[in-house]
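Below is what I looked up, entry by entry.

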Amino acid sequence: MVAANNEDSVRSRRGWTKARALLAGGLVLGVGAAVTLAAWTDNEWVRGVFGTGTFGIEGSTDGTAFSDNPTSGDPAQLSFAVGADNLAPGSQVYAGYAVRLTQDSTYQANVTVAQDVSDAIPGTTASYVYTTSTTCDATTFAAGTNANGATFELTSLAAPAFLCFRVVADDTLAQGADGSITWTFSAESGATL
């Protein structure tokens, strides 16, 4: 009898263990289902819209008609005074030039001026000053400022920079020679206009 009671007791415990396992499994499934059923979802979208500014410089020999001359192979031609093609020792010739921001620019410019005299006629010297217009002669050159200043700023669409260039021939000037001098204006964008 004791053996039968033990078997019944073991079966009873096994049955109870199985029942507890099934109940626990059901609870896990029930909790999982409850969590899944109670979950909410939401989305948030954000977008940035961008555009680019514009920037450039252009030049003029008369301060009125401006054009873009971005390559060394096609530069603007300065209008030096009469006699620039027939220099003699002691000759001085002048030409004015204006540089401004292109009219669609949205940024200021920091401009660097470089003077290339590698193709100049031996016996000539070039220099420049900053003035208030494209008028350029001995008088305006003498009144100019910042002689050979290598940098300037363009801070307004309505305010060009004016330069007066002078080429002087000295006593070592070669006869029957041709040459050229090139000035390059390199601009880098600055603050927003």
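**Entry 1: ground rules**

I count two strands as paired if DSSP finds at least two bridges between them. Helices (H or I, at least four residues) and strands (E, at least two) are DSSP runs, numbered from the N terminus. This is a predicted model, where local features need pLDDT of at least 70 and side-chain atom pairs count only at pLDDT 80 or more, while totals for chains, interfaces and linings use all residues. Residues are numbered from 1 along each chain as its sequence is written, and side-chain values use heavy atoms, with hydrogens and water left out.

**Entry 2: the overall count**

I listed the elements of the protein chain. There are two helices and seven strands. From the N terminus on, they run α-β-β-β-β-α-β-β-β.

Next I looked up burial. Buried means under 20% relative accessible area, exposed over 50%, and partly exposed in between (1.4 Å probe, protein chains only). Of the 193 residues in the protein chain, 24% count as buried.

Then I checked contacts (heavy atoms within 4.5 Å). I took those between residues at least 6 apart in sequence, and 78% of them join residues at least 24 apart.

**Entry 3: the sheet of four strands**

In which order do the strands of the four-stranded open sheet stand? I read S1-S2-S6-S4, with antiparallel pairing. S1 and strand S4 (124–131) stand at the edges with a single partner strand each, so one side of each has no neighbour in the sheet. On average, neighbouring strands here are turned by 25° against each other, direction ignored. For such angles, axes are lines fitted to C-alpha atoms, for helices over the stretch in contact, and angles run from 0 to 180 degrees between N-to-C directions.

I followed S2 through its partners. S1 and S2 pair in the antiparallel sense over four bridges. There, Ser-60 stands opposite Ala-98 in S2. On to strand S6 (residues 161–169): eight bridges join S6 to S2, and the two run antiparallel. Tyr-97 has Leu-163 in S6 as its bridge partner. Val-93 has Val-167 in S6. S2 is mostly covered, with nine of its ten residues buried.

**Entry 4: the sheet of three strands**

I found another open sheet, of three strands in the order S5-S3-S7, paired antiparallel. Its edge strands are S5 (151–154) and S7 (182–192), and each pairs on one side only. Neighbouring strands of this sheet are turned by 25° on average, direction ignored.

Strand S3 (residues 107–116) and S5 pair in the antiparallel sense over four bridges. Val-111 stands opposite Phe-152 in S5.

**Entry 5: the salt bridge**

How many salt bridges does a search of the whole structure find? It finds one. The term means a side-chain nitrogen of Lys or Arg within 4 Å of a carboxyl oxygen of Asp or Glu. Here the side chains of Arg-100 and Glu-58 meet, at 2.7 Å from N to O. Arg-100 lies in strand S2 (residues 92–101) and Glu-58 in strand S1 (residues 57–60), so the pair ties together parts that are 42 residues apart in sequence. Arg-100 is buried, and so is Glu-58.

I also noted a ring beside Arg-100. Its charged end sits over the ring of Phe-66, 3.9 Å from the ring centre. The rule is NZ of Lys or CZ of Arg within 6 Å of the ring centre and within 35 degrees of the ring normal.

**Entry 6: aromatic rings**

I turned to ring pairs. Rings of Phe, Tyr and Trp (its six-membered ring) pair if their centres lie within 6.5 Å; planes under 30 degrees apart count as stacked, over 60 as edge-to-face and the rest as tilted. The structure holds eight aromatic pairs.

The rings of Tyr-128 and Tyr-130 have centres 6.2 Å apart and planes at 80°, so this pair is edge-to-face. Tyr-128 is buried, with a relative accessible area of 4%. Tyr-130 is buried too, at 10%.

The rings of Phe-152 and Phe-185 have centres 6.3 Å apart and planes at 70°, so that pair is edge-to-face. Phe-152 lies in strand S5 and Phe-185 in strand S7, so the pair ties together parts that are 33 residues apart in sequence. Both Phe-152 and Phe-185 are buried.

Last, I noted the cluster. Ring pairs link Phe-80, Tyr-97, Tyr-128, Tyr-130, Phe-152, Phe-165, Trp-183 and Phe-185.
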